[in-house]
Amino acid sequence: MTTTTLAVLVPLLPFLGSAAGLLLGRTAPGFVRPLAVLPTLAAAVLAVLVAFRQGGDEVIDAATQLTPTGSVPIDLSLYIDGFAALVAVLVGVVATCVQVYSTGYLRDDPRYPSYAALVSLFTSAMLLVVYSGDLMVLLVGWEVMGICSYFLVGHYWETPEARAASLKAFLVTKLGDVPFLIGLFALATDAGTFQITGVLGTVASGGLDHPTLIALLLLAGVAGKSAQFPLHTWLPDAMAGPTPVSALIHAATMVAAGIYFTARLLPVFAASAAAMTVLAVMAAITMVGSALAALAQDDIKRVLAYSTIGQLGYMAGALAVGDRGAAVFHLLSHAAFKALLFLAAGAVIHAAGTNSLTAMSRMSGLAKRVPDAYWTMTVALLALAAIPPFAGFFSKEAVLVAAEHTALGERDVAPAGAGWTVLVAGLLTALLTAAYALRLWLRTFRGRGAEAPDHGRQPIAMTSVLWVLAIPSLGFGLTAGYVDDWFDGHALTPTLTTAVLGTGLAAAGAAVTYAVWRTLAARAPVAVPLPHVAHPDADAGSVEAEALHLPHPAEDPADPGRALLGPLHGPAADGFHLDAVYRAAFVRPVLAAASLVRFLDREVVDTYVRAAGDSAKGLGWLVRRAQTGNVQTYLSALLAGSVVLAIAAVALANAVAGA
Amino acid sequence: MHLAYPAVLAALLFCVGLYGVLARRNAILVLMSVELMLNAVNLNLVAFDVWLRDTLHAGQALTLFTIAIAAAEIGIGLAIVLMVHRNQGTSDVDRLRDTAEGPDTPEAPDASDERREPTDEKTEAAA
């Protein structure tokens, strides 16, 4: 088979698997698991094969036109460069891991068939986004991902949190998608084509008339999808979905789509210095803000969600300084360790029966209950904190190096101000990241108090996946010297200055956190254990769904995050009250407008409608009075009518004759 | 003979019949009144046939038809009255209000009210 055929099969197989899964889910439950895992696995293998054949240098560009679409043609086209090939491999591998993990995680879930089919559909849409060479086809995948995310976040729709979170995720990303769509149209109007190659050609020849406008409109969509400030608020709430969904969608793939899209069209953004500056500021605010918020969260998944936002901020920062190689490199390594973190967190939540860090810090022996999750999570957290030689160190260094080069004027793709912004924010975030990663680890695995509940051994499907993902989290960074051939060719290897600075700051953050934790732990007495779910036989999914209802303790004196943040803790725990701002700025006006419309509809429009109905009814009532059932009355009325008619006819005839 | 006599007679007959149809309570008497009205028409037909000196005597021929149809009609009418009397226990036109509108429930006519007191009806009909 040619490479093009293989590449077409990559998004197609999960799609067919999802369609088959949806059709056969009820009638043939035995096929659901193979239908979920095998197409995704095959797609991953094919993606590896495509990447292998593509080899990083030879761009595969094939297009076919289904039907003429007027002035701007829309083609079904593939455009596979090194970025696309590697990201597709990542998506395939992570999706396969998540599908395998889900077979264990949701093994007793009654809605597993539709869940697995939606995950497959999601994978297919993401692969379409990755491989598509046409912006309109890319948009199709982009939107399918949005709706799949809505369904999957709302998987536990019995809980009001999940329902609200799924709606919020959908609406907030749509808020970005509308400007995104307009931006795509503007871009296609300027470039005269939806083809990515055509657009890049136009940009290279300086044919773009409104680069700033287009770049800012596209940035809105990217911010929505990749959860960048100010449209990031949906991501922490989206943790109401099952943990594998969080791993796949809200850490590894969907949120990476925005970064990937920007990387693909980076010349369009680079054509406007203003857009690059906006992107840099956005990335800086996102990085620092989310790291502070992560330090204050109590829900383990929310910590990871805010950390995802922060890491996406790193990628956006790399793009803002014009180094898409570094951005996609960080995307790849982040996807590996963040998927691992989420999947391990799922195992931890299952074992602890709660998702509250405070509750976990009051039970001991959690590490012994889930040794696989303990070790792999340690690896992933080290990678997250960018400790050498884990993957996160190399990719984060690549970002910082790019920012440093831009700041010092050695690269001129982006303004130097953007470089400084990203560099300072990135270094500050490195400190905070190490702090919250260590806090998460200490609170989860170094708790004191009663023994953790026994939920039995984790299924092999769940634990094996963790080790599979631990390999890239550990070693992917060592490939930094090789993968730059697949990207733009900029060196991705760390330099001494940033490496010392970044690692030093991370070590400082970790040391301070550890010291504070030791002090607080020594001072605070062993607190009473908090409520947690304890069903020894239940599958992890149902434990998590039940744990969603558990209350989070408002105050915990032993929390190092509280001591570290000081007065900032309250706002940070609440996401800096951004939700309240949105509530005041958007939700309240919309609700007020809705109640006005409701009033107009109920009280004004309906009055006319009701009056029409009532008048007909009243007339009917009058006419019904005449229906006495007495034939003779009817006949009398008939006679009277005839007489009147006759008289009228005669009178009229006379009048006519007289005239 | 002047046309006025049969015409006036026919008019009187018709009015008597009309009064009977509109005012009598007994269904059989109503039917008989209908016959009176028919016969008033027949009288008119014959009288005008003679007065117009119609060579085809269309009026007389039509009268024969009317008589035949009236006979059939009265047969069917009497049969209906008989059945109504058997079913309802009365042939009083004023009491036969099955098609009346109920006060507020159009689906349930108040005919059932009438059926609840057949003894009253019989006494009234007898009276």
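Student: How many residues of chain A are in contact with chain B?

Tutor: Contact has a cut-off: two residues are in contact if their C-beta atoms, placed from the backbone, lie within 7 Å. Here, 9 residues of chain A are in contact with 10 residues of chain B. This is a predicted model: local features need pLDDT of at least 70, side-chain atom pairs count only at pLDDT 80 or more, and totals for chains, interfaces and linings use all residues. Residues are numbered from 1 along each chain as its sequence is written, while chains are lettered from A and ligands numbered from 1 in the order in which they are written.

Student: Which helix gives the largest share of the side of chain A that touches chain B?

Tutor: Helices (H or I, at least four residues) and strands (E, at least two) are DSSP runs, numbered from the N terminus. Helix α28 (residues 631-658) of chain A gives the largest share, 4 residues.

Student: How do the residues on that side of chain A divide into nonpolar, polar and charged?

Tutor: Ala, Val, Leu, Ile, Met, Phe, Trp, Tyr, Cys and Pro count as nonpolar; Asp, Glu, Lys and Arg count as charged; the others, Gly among them, are polar. On this side of chain A, 2 are nonpolar, 6 polar and 1 charged.

Student: What is the secondary structure of chain B?

Tutor: Chain B has 5 helices and 0 strands. Along the sequence the pattern reads α-α-α-α-α.

Student: How much of chain B counts as buried?

Tutor: A residue is buried if 20 or more other C-beta atoms lie within 10 Å of its own, exposed if 12 or fewer, and partly exposed in between; the C-beta atoms are placed from the backbone. Chain B has 127 residues, and 13% of them count as buried.

Student: Which residues of chain B does UniProt list as "transmembrane region"?

Tutor: UniProt positions are given in the numbering used here, feature names are shortened, and annotations may be inferred rather than shown by experiment. The unreviewed UniProt entry lists residues 61-84 of chain B. In the model, that span is 100% helix and 0% strand. Its end C-alpha atoms lie 34 Å apart.

Student: Which residues touch the most other members of the largest nonpolar core?

Tutor: A nonpolar core is a set of buried Ala, Val, Leu, Ile, Met, Phe, Trp, Tyr and Cys residues joined through C-beta atoms within 7 Å. The largest has 233 residues, and A:A88 and A:A339 touch the most other members. Helix α15 (residues 324-352) of chain A gives the most to this core, 21 residues.

Student: Why does A:G509 count as buried?

Tutor: Count its neighbours. A:G509 is buried because 26 C-beta neighbours lie inside 10 Å. A:G509 lies in helix α23 (residues 496-523) of chain A. The C-alpha atoms of A:G509 and A:T433 are separated by 7.8 Å, though these residues are 76 residues apart along the chain.

Student: In which sense do β1 and β2 of chain A pair?

Tutor: Two strands pair if DSSP finds at least two bridges between them. Strand β1 (residues 60-64) of chain A and β2(A) pair in the antiparallel sense over 5 bridges. In β2(A), A:I80 is the bridge partner of A:I60. Strand β2 (residues 76-80) of chain A is mostly covered, with 4 of its 5 residues buried.

Student: Why is α18(A) called largely enclosed?

Tutor: Of its 14 residues, 10 are buried, so α18(A) is largely enclosed by the rest of the structure. Its cover includes α15 and α20 (416-445) of chain A.
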